[in-house]
Amino acid sequence: MDFFKLSNAGNAKEYFGVNWALTTKCNYRCSYCHPDLYNGKIKTAEFEVISNFVDKVFEYCDKKGLKPFFEYAGGEVTYLKWFGDLLSLISPRGGLVSIISNASSSLDWWNKHVHNLHGVYLSFHVEGIKDIEHFIQVAEIIEKSPTTHLHVNVMMLPERFAECFAFAEKLRSRVECTIALQPLYYGFGGAGITGKYPYTTEQEEIMKSFRGRSYQKDIPEPRGSMMVSMDNGEVLKKSTFDLLIEEKTNFVGWDCNAGIENIVVTFQGDIYRAWCMQDGPIGTIFDAQLELPASPMLCRTKICQCGADICSTKVKRKVRGNIPQLVAV
Ligand code: SF4
Ligand code: SF4
């Protein structure tokens, strides 16, 4: 590590993040995805429970002078029949919602709900996609929404690398949005990442250097960009993707604000500080009260592997005392 502090850029201080794994149902069956993310075996809680928890988060945020920022992922959240109602509960109250989606819902769905979405992270999965033109048209709907960020992750399956790359270039020529060519990892969506898929040096270089098109929209930036305080006194702005690709995500022995600035919610409704799940659950969405930690935790997990986790403020301890055993990832 050549830096000692990671803090949020943008408007992060005004927001409290809730990264919520909402549904295990998906219309795709990507080979690199854990079946628990698409087989629907874990049932999503009833809408009443979900909306009650959203109310509790708003109450918690009101006390802290913050606004909630919900990030929903699955599965494919846009197929939940009440998902549009959920968006209507949050956006008019000043909360923000961002989603991860494979873009396969109808153009009508996107046209109807895009104004309630602060951010959309579309994922291009070459094995599941039926209609590339539909994907691009969804991206164009989101591009036109003045209050919605758009980012596209192209999942780079090594044996179909050229196809994925050609799609990314086509998308860039049609739509103004940021694009990342995402390397695949073994263990995605399961108990932990165990390694990267094999790529040639040339493919690695392409993934590192490819970018989409930057755009200007006057909307808040609650999470995602980080200020990196370097040992030499410089302060650099980087995305979580930059840190991941540069392999600068080992924070063992650092203080981490996960649980203070943000929480995560599992498919079962359990609440943790972060997806590393270090130190166990801190509540559930079924609890009568939402009580959250006030102090940072000492990181003992070797790789901070998820964008949502990397986004919490982290500070290297000057004196690293006793660091308990590493948590396996
Ligand atoms: S990677 Fe995403 S789109 Fe593919 S099966 Fe898993 S949840 Fe569905
Ligand atoms: S792995 Fe967990 S404890 Fe460590 S920095 Fe990331 S979120 Fe914080």
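This is a predicted model: local features need pLDDT of at least 70, side-chain atom pairs count only at pLDDT 80 or more; totals for chains, interfaces and linings use all residues.
Val 265 stands opposite Ile 271 in strand β14.

Strand β13 covers residues 262-265. Two bridges join β13 to β14, residues 270-272, and the two run antiparallel. They form a hairpin with four residues between the strands, where Gly 269 takes a positive phi near 95°. Strand β13 also has a parallel partner: four bridges join it to strand β2, residues 15-21. On that side, Trp 20 stands opposite Val 265. So much for the pairing; now the side chains. Asn 262 and Val 264 point one way from β13, Ile 263 and Val 265 point the other way, and all of them are buried.

Where else does Val 265 turn up? It is among the residues with the most contacts inside the largest nonpolar core. Take Val 152: beyond its neighbours within four places in sequence, Val 152 is in contact with Leu 122, Phe 124, Ala 139, Leu 171, Cys 177, Ile 179 and Gly 212. There is also a second, separate core of five residues, including Cys 26, Cys 30, Leu 37 and Tyr 38. As background, nonpolar side chains in soluble globular proteins tend to be buried together.

Some of those names come back at ligand 1. Of the 14 residues around ligand 1, Cys 26, Tyr 28, Cys 30, Cys 33 and Tyr 38 come nearest. The shell around ligand 1 divides into six nonpolar, six polar and two charged residues.

Next, ligand 2. The nearest of the 13 residues around ligand 2 are Cys 256, Ala 274, Cys 276, Cys 299 and Cys 304. By class, the shell around ligand 2 has eight nonpolar, three polar and two charged residues.

Strand β11 pairs with β10, residues 225-230, in the antiparallel sense over five bridges. One of the facing pairs there is Val 228 with Leu 236. This is again a hairpin with four residues between the strands, and Gly 233 in the turn has a positive phi of about 95°.

Last, confidence. The chain averages a pLDDT of 92, and 95% of the residues score at least 70. Over residues 319-329, pLDDT stays under 50. For that stretch the model has 20 contacts beyond four places in sequence.

Methods: Residues are numbered from 1 along each chain as its sequence is written. Chains are lettered from A and ligands numbered from 1 in the order in which they are written. A residue is near a molecule or strand if its C-beta atom, placed from the backbone, lies within 6 Å of it. Ala, Val, Leu, Ile, Met, Phe, Trp, Tyr, Cys and Pro count as nonpolar, Asp, Glu, Lys and Arg as charged, and the others, Gly among them, as polar. A nonpolar core is a set of buried Ala, Val, Leu, Ile, Met, Phe, Trp, Tyr and Cys residues joined through C-beta atoms within 7 Å. A residue is buried if 20 or more other C-beta atoms lie within 10 Å of its own, exposed if 12 or fewer, and partly exposed in between; C-beta atoms are placed from the backbone. Two residues are in contact if their C-beta atoms, placed from the backbone, lie within 7 Å. pLDDT is the predictor's confidence in each residue, from 0 to 100. Two strands pair if DSSP finds at least two bridges between them.
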